[in-house]
Amino acid sequence: MPALLQALPKTRDKSANLATVAKYARIAASVGAEFLCCPELFLTGYNLGTELRELAEPLDGPSVVRLRAIAAAEGVGLIVGLPERDGPRTYNAAVAIDAAGTIVGVHRKIQLFGGVEPQVFTPGENLTVVRMGQRRIGLAICYDVEFPEIARGLARAGAEIVCAPTANMAPYAEVATTLVRARALENGVAVVYANMAGEDGGLTFIGGSAIVGFDGMDAARAGCRGERFLHAAADEILVPATDH
C-alpha cells in the first residue's frame, strides 16, 4: 500500500520538516502503508534559489540519518525530496529509504525546470528503480513526469509504481490530472504524485496530489489546498496478477 503527503514545508526549517515526516510516517504505518512519498525538496522548501546549495547535504548527512531513523522506528519506507550535495555538485534529489532504515536508492532530477533550477542543480543522468518491500518503485521528480520517455523507461526497467515527489505550481494544474493519468495508463503502472499546496515566496503550489492506478483512474486525490494524507490499497492500483 503506497501513501503520500501533500504539504507545504517550512522554508529553511529542516527540523520542522523532519518532524512532519515523522508524524506522517507514523500515520502511514498505522494504516499499513509500505511507504510514504513526500514532495520535492520537502526537507528545505523549494523556492530558495541558489540558497539551496548552502542547505544541501550529502546522503550521509544529519538529515538523511534522521530520515533513516524515522523509517526504522515506524517500520515504513520513505521517499523524500531534498537538495543533495555530492562533492562540488548539488542535485535536486529524492532519497528512498526502506522500512529497515536502509537507503535503497536516490534519484537525481533529470529534467530541470525553468531558469533557476539549472543555475542551482546539476541534472541527473540515470533512471532509478528501487525495491521497497514487495514493490519495485521507479522514481521521478516533478518535471520528469512530464516526459513520457522517463516513465516508459522506468516501466521497462520493471517499475510497478512511479513515485513523483513534486513542487508543481500555478498555472500548470493539468499536469496533476491529464499528464499523471496518461503516464499511468500508457505504461500500465501506478503513479504516486506528491505535491505541495500553498503560497511560498510568490509561487502558488497547487496540490492535486494523487495515487493513480495502472488503468489511469484515480484511487485517491487531494484538492488544491491544504495538508493531506492519501493512501490506496495495492490491489486497487496495480496490474492484477492474472494479467502478468
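Let me begin with what I mean by a cavity: on a 1 Å grid over the protein atoms alone, it is a set of points where a 1.4 Å probe fits but cannot get out, with grid points joined across faces, edges and corners and the volume taken as the space filled by probe spheres set on the points. By this rule there is 1 cavity of 30 Å³ or more. What we are looking at is a predicted model, in which local features need pLDDT of at least 70 and side-chain atom pairs count only at pLDDT 80 or more, while totals for chains, interfaces and linings use all residues. Residues are numbered from 1 along each chain as its sequence is written, and side-chain values use heavy atoms, with hydrogens and water left out.

The largest cavity holds about 60 Å³ of space. Its lining, meaning residues with an atom within 4 Å of a point, consists of Y46, K109, F113, E117, C142, Y143, E146, A167, N168, M169 and Y172. Sorted by class, with Ala, Val, Leu, Ile, Met, Phe, Trp, Tyr, Cys and Pro as nonpolar, Asp, Glu, Lys and Arg as charged, and the others, Gly among them, as polar, the lining has 7 nonpolar, 1 polar and 3 charged residues.

Turning to the helices, I take these as DSSP runs of H or I with at least four residues, and strands as runs of E with at least two, numbered from the N terminus. Axes are lines fitted to C-alpha atoms, for helices over the stretch in contact, and angles run from 0 to 180 degrees between N-to-C directions. Helix α1 (residues 14-30) and helix α3 (residues 62-74) have axes that come within 9 Å and cross at roughly 20 degrees. Contact here means heavy atoms within 4.5 Å, and on the α1 side K14, L18, V21, A22, A25, R26 and A29 take part, facing S63, R66, L67, I70 and E74 of α3. Those residues divide into 7 nonpolar, 1 polar and 4 charged.

In the second pair, helix α5 (residues 148-156) and helix α6 (residues 174-187) pack at about 40 degrees with axes 10 Å apart. Here P148, A151, R152 and A155 of α5 meet R183, E186 and N187 of α6, a set of 3 nonpolar, 1 polar and 3 charged residues.

Finally, two backbone details. A170 and P171 are joined by a cis peptide bond, with omega about 10 degrees, and P171 sits in the loop between β8 (161-165) and α6. R12, although not a glycine, has a positive phi of about 70 degrees, and R12 lies in the loop between β1 (2-6) and α1.

Conventions
On a 1 Å grid over the protein atoms alone, a cavity is a set of points where a 1.4 Å probe fits but cannot get out, and a pocket is an open set with protein on both sides within 12 Å along at least five of seven lines; lining residues have an atom within 4 Å of a point.
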